[in-house]
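This briefing covers pockets, salt bridges and a surface patch. The sequence and structure come first.

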Amino acid sequence: LDHTEPNHYSYPDAEMAMAFANQVSLAIENARLYEREKERLATSEQKRLIAEGFRETVSALNSNQSLDMVLDTVLDQTFRTLGAGGAAIYQLERLETQPDLLLASIVSKNMPEEFTNVDSITFDKSKIHDQILQKLPLSIENLNNYEFSDRRLTSELKYLHQVIRQHFSAALAIPLNVQEELF
């Protein structure tokens, strides 16, 4: 506390200020406890949503639903638990007539029209190709800062990267390995 007059504050003022400071300290501590409890409840709710999502996904997997319906359930659960803005599931295929790998679109949700108009993508030897074949996740935290300059990317992939960059700010690619198939 400051004042323009000399000797404005006295010992009783200091005692009153100290009492006030103690009350403020308690209020700050209560606010911190409240925030921690709020975070704990949010974490608990997130875990509940994930468990519920796993339960619904397993239920779909064990049902007689078509592959498209099962994968649609997986996308719904992804949206619900991870808050995705858009998602697509592709199946990795090797065609006898084409030595390069081919990603064929199966299902998508909330993806831009330019993205969904591309039914399949041919891969050549690029970093993304290598990540997929090694069954490793690919996380791009900030698409604006990510350099898609790999000269080995196909024109299809370059186009899709531009479309994604226009509509989204981050991307995550996760391999789904089902027996010998890769999604």
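A pocket is found on a 1 Å grid over the protein atoms alone, as an open set of points where a 1.4 Å probe fits, with protein on both sides within 12 Å along at least five of seven lines; lining residues have an atom within 4 Å of a point. The model is predicted: local features need pLDDT of at least 70, side-chain atom pairs count only at pLDDT 80 or more, and totals for chains, interfaces and linings use all residues. Residues are numbered from 1 along each chain as its sequence is written, and side-chain values use heavy atoms, with hydrogens and water left out.

**Pockets**

- The largest pocket is lined by 47 residues, and A87, A88, L172, A173 and I174 lie nearest its centre.
- Two or more lining residues of the largest pocket come from each of α1, α2 (67–82), β1 (87–95), α4 (127–133), β4 (138–140), α5 (155–167) and β5 (171–173); helices (H or I, at least four residues) and strands (E, at least two) are DSSP runs numbered from the N terminus.
- The largest pocket holds about 1500 Å³ of space, a volume being the space filled by probe spheres set on grid points joined across faces, edges and corners.
- Its lining has 38 nonpolar, 9 polar and no charged residues; Ala, Val, Leu, Ile, Met, Phe, Trp, Tyr, Cys and Pro count as nonpolar, Asp, Glu, Lys and Arg as charged, and the others, Gly among them, as polar.
- The second largest pocket has a volume of about 220 Å³, and its lining includes T57, L61, E181 and F183.
- Helix α2 gives the most to the lining of the second largest pocket, with 4 residues.
- By class, that lining divides into 8 nonpolar, 1 polar and 1 charged.

**Salt bridges**

- The whole structure has 8 salt bridges, each a side-chain nitrogen of Lys or Arg within 4 Å of a carboxyl oxygen of Asp or Glu.
- E52 pairs with R48 at 2.8 Å between the closest N and O atoms; the two are 4 residues apart in helix α1, so about one helical turn separates them.
- R80 also forms a salt bridge with E52 (1.9 Å, N to O), which links distant parts of the chain, R80 in helix α2 and E52 in helix α1, 28 residues apart.
- E52 is buried at 19% relative accessible area, whereas R48 is partly exposed at 39% (buried is under 20%, exposed over 50%, partly exposed in between; 1.4 Å probe, protein chains only).
- E45, R48, E52, E56 and R80 are linked in a network of salt bridges.
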